[in-house]
Amino acid sequence: MSDPNTAGPEPLPPVCVLGLGLIGGSLLRVLHDAGHQAFGYNRSTQTVDDAVRDGYQASSDLAATLRRAAESDAMIVLATPVTTIEPLVSAIADLAPDALLTDVISVKQEVAEIVARLHPNARYVGGHPMAGTSRSGWSATDPSLFVDAMWMVTTDDATPARDWLAVATMALATGARVVPAAADAHDRAVAAISHLPHLTAAATAAVGAGESGLALRLAAGSFRDGTRVAGSAPALQRAMVEANRIAVLNVLSETIDRLIAARDDLRDKGTVEVLIDDGHRARIAYEEMANGAVEAINGVEVGDDGWQHEFRRQAHAGRVWVG
């Protein structure tokens with residue numbers, strides 16, 4: 001049974017973005033360009049100057065930015081690497097303690113632990129848009145970056161409906177589709193489909209480049225596509241992989257086991273059939289889901305009894321929330 005006091009359509013509140021790199025800067029741009037009130041902070045004055053020059057509201061004064069967020073009842077978005085958020089969370093606890101807090105960081109459990117430790121009374125609902133490029137900084141920002149991307153919004157049994165709805169509505173405003181998930185399930189999933197590929201791309205790039213200049217000269221689509229993410233800033237790659245180390249260790253171990261089995265089969269039987277066939281089936285399954293019609297979560301509304309559990313259950317079946 002729905003509780004009318006827990007959820008309902010509301011306009012997007014002002015949004016304060018802390019960190020104006022690729023993801024945070026693109027978020028500021030798309031919200032501003034769509035007519036929403038949005039402003040941001042960045043430690044680098046050069047980034048702030050570039051954003052202001054392009055017509056966006058930005059400041060390098062964190063305290064002033066957070067006071068503005070508190071006064072305007074803005075939603076605050078953490079958009080810096082997880083290794084840098086502790087002083088930001090502490091400042092939010094001091095200067096904007098009542099603000100709804102979310103983030104766009106690629107790990108969820110560690111962010112939640114930092115928030116719980118430094119701002120235990122925070123209204124925090126985690127988020128993670130599955131979007132990006134190998135480029136970084138304000139010059140890489142793109143207001144169309146999130147169109148049709150999947151944006152995970154943390155959903156646990158204690159998540160307040162109104163706060164979840166506000167974060168999810170922001171995601172929809174960027175053109176993304178919302179995927180509800182528990183923090184630990186998210187971290188296991190991205191370890192497999194995002195963080196592991198950074199390691200395998202790095203290994204492929206290192207082995208290819210180590211062969212000779214001839215190998216790099218001959219490199220074409222397979223090498224280019226398979227190593228694209230290795231071109232991302234190393235510090236950003238390390239921050240996300242190392243912050244999700246337990247889940248990454250598990251999928252890395254499975255990958256190593258599969259490669260060892262393939263090596264042994266190639267040595268002993270002259271074939272790599274098992275690994276190639278398993279990978280081919282998995283890729284076809286991905287293409288069918290990615291290219292097929294999007295299935296929407298149905299039969300339950302935000303705020304219904306047990307809506308969080310039902311949202312998670314349907315998300316595990318590949319469904320998304322479309323509003």
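**Close-up views of a predicted model**

**View 1. Helix α4 against the strands.** In this predicted model, helix α4, formed by residues 86–95, lies across β1, β2 (38–41), β4 and β5 (100–103). Relative to β4, helix α4 runs at about 165 degrees.

**View 2. The open sheet.** Six strands make up an open sheet with parallel pairing, in the order β3-β2-β1-β4-β5-β6. Strands of a sheet pair through backbone hydrogen bonds, in either a parallel or an antiparallel manner.

**View 3. The pairing of β1 with β4.** The strands β1 and β4 run parallel and are joined by 4 bridges. Within this pairing, C16 stands opposite I76 in β4.

**View 4. The largest nonpolar core.** This core comprises 43 residues, and those with the most contacts inside it are L27, W151, W164, M170 and W321. At least two core residues are supplied by each of several elements, including β1 (15–18), α1 (22–33), β4 (75–78), β8 (150–154), α6 (161–173) and α13 (307–315). The largest share, 8 residues, comes from α6.

**View 5. The surroundings of W164.** Leaving aside residues up to four places away in sequence, W164 touches V125, V153, T154, T155, T159, V178, P180, V302, W307, F311 and W321. W164 and W321 are also among the residues with the most contacts inside the largest nonpolar core.

Definitions and conventions:
Residues are numbered from 1 along each chain as its sequence is written. This is a predicted model: local features need pLDDT of at least 70, side-chain atom pairs count only at pLDDT 80 or more; totals for chains, interfaces and linings use all residues. Side-chain values use heavy atoms; hydrogens and water are left out. A nonpolar core is a set of buried Ala, Val, Leu, Ile, Met, Phe, Trp, Tyr and Cys residues joined through side-chain atoms within 4.5 Å. Buried means under 20% relative accessible area, exposed over 50%, partly exposed in between (1.4 Å probe, protein chains only). Contact means heavy atoms within 4.5 Å. Two strands pair if DSSP finds at least two bridges between them. Axes are lines fitted to C-alpha atoms, for helices over the stretch in contact, and angles run from 0 to 180 degrees between N-to-C directions.
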